[in-house]
Amino acid sequence: MKKRPGLRKRLALELFRSIRKKRAKIHELRTLFWECTLRCNQDCRHCGSNCHQSARQPDMPAEDFLKVIDEITPHVDPHQVVITFTGGEVLLRDDIEECGSELRRRGFPWGIVTNGLLLTHERLDSLLASGMQSVTINLDGFEEAHNWLHRHPESFEQAVNAICLLAEEKKIKWEVVTCVNQRNFKDLMLFKEFLVEMGVNNWRLSSLLPVGNVANNPELLLDDEQFTWLLRFIRHYRREGKIHIDFACDGFLGNYEGEVRDQIFQCSAGISTASILADGSISGCPNTQAKFRQGNIYKDNFMDVWNNGFKEYRNREWARKGACSDCDMFRYCEGNGMHLHGDDGKLPACHYKRIQ
Ligand code: SF4
Ligand code: SF4
């Protein structure tokens, strides 16, 4: 039977709940994603976005994005708002550096999410010269598992090369993210050692949920026992301390709260995180469903939307339905991550109930 959070954990959850409520009330923008392209040079099996090798949606011109940045700048301390370029594969754009330099000039720290395929020495130097301060790079296991997931024969080799380049850089923050699935699960311990040897200091792990195309591919999904083992693995190796490991933000984890992440679960979408999508839509996180989009930069002022929209993000009482309606963890979980709520209003997954 599932062990419910004990008294000490409940006290911590209560304390964090009040912090979360305050954060939702003041909703300070701290993270802004820009989905700067839907083009991609890989064809990942687990991709949840609408990316394609030749996307129908053209890239948003950098000046359109910078116009929004100029709307935001007077209302925030730019040094406190991290801007992350996401895609698609962001390095397919050749104006990232130009746009990044403009962000730096305005005082915003910025970074990228990349598959590493185009992150050569020269490109990294030019990104760094434009003020890039953070990189998130995917590495989904050893060669066979990674290339299978990314459906690209050189993906692993290029990502490893890029990681070796990043390991030389002491001034920027960077992390490896790994999506755990049936192909890489059995090698996780060895893979951790491999990352440590390469000089990786920060490793974020996630697991997939039966949503969209993932639902039809059992090799992508962990069973509940494996999912629980993954949480134990993270907890154990966080204590070991050779590498800083974090579980992704996307679900409430009951007794594992405070032990597998740096902070207790909070879906920050719409509370401190916003996104500008490739077509100009304003959303919480890049992967939240269309029904939760709040406006569009081509017709709305971003700050008006940020200040007056996002109501479903900041008050999640509407999520108290279905399996969540009589759940005694709702006060801490609030119906899990926003990105898990489908356009049909259904919640396909509960992390807490998966834990054995
Ligand atoms: S049933 Fe709903 S509220 Fe309860 S833990 Fe699961 S997702 Fe969260
Ligand atoms: S929507 Fe999902 S990915 Fe975004 S902050 Fe919430 S839980 Fe995390």
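## Cysteines, a pocket and a ligand shell

Cysteine 44 is buried (under 20% relative accessible area; exposed is over 50% and partly exposed in between, with a 1.4 Å probe and protein chains only), its relative accessible area being 18%. This is a predicted model, in which local features need pLDDT of at least 70 and side-chain atom pairs count only at pLDDT 80 or more, while totals for chains, interfaces and linings use all residues. Residues are numbered from 1 along each chain as its sequence is written, ligands are numbered from 1 in the order in which they are written, and side-chain values use heavy atoms, without hydrogens and water.

Zero disulfides are found in the whole structure, a disulfide being a pair of cysteine sulfur atoms within 2.5 Å. For cysteine 44, the closest cysteine sulfur belongs to cysteine 40, and at 6.0 Å it is too far for a bond. Cysteine 249, by contrast, counts as exposed, at 53% relative accessibility.

Cysteine 249 is also among the residues around ligand 2, together with Asp250, Cys267, Ser268, Ala269, Cys285, Gly337, Met338 and His339; a residue is near a molecule if one of its heavy atoms lies within 4 Å of it.

The second largest pocket has a volume of about 240 Å³. Among its 20 lining residues, Lys321, Ala323, Cys324, Leu347 and Cys350 lie nearest its centre.

The residue classes of both surroundings are as follows.

| Site | Nonpolar | Polar | Charged |
|---|---|---|---|
| Shell around ligand 2 | five residues | three residues | one residue |

How values were computed:
On a 1 Å grid over the protein atoms alone, a cavity is a set of points where a 1.4 Å probe fits but cannot get out, and a pocket is an open set with protein on both sides within 12 Å along at least five of seven lines; lining residues have an atom within 4 Å of a point. Grid points are joined across faces, edges and corners, and a volume is the space filled by probe spheres set on the points. Ala, Val, Leu, Ile, Met, Phe, Trp, Tyr, Cys and Pro count as nonpolar, Asp, Glu, Lys and Arg as charged, and the others, Gly among them, as polar.
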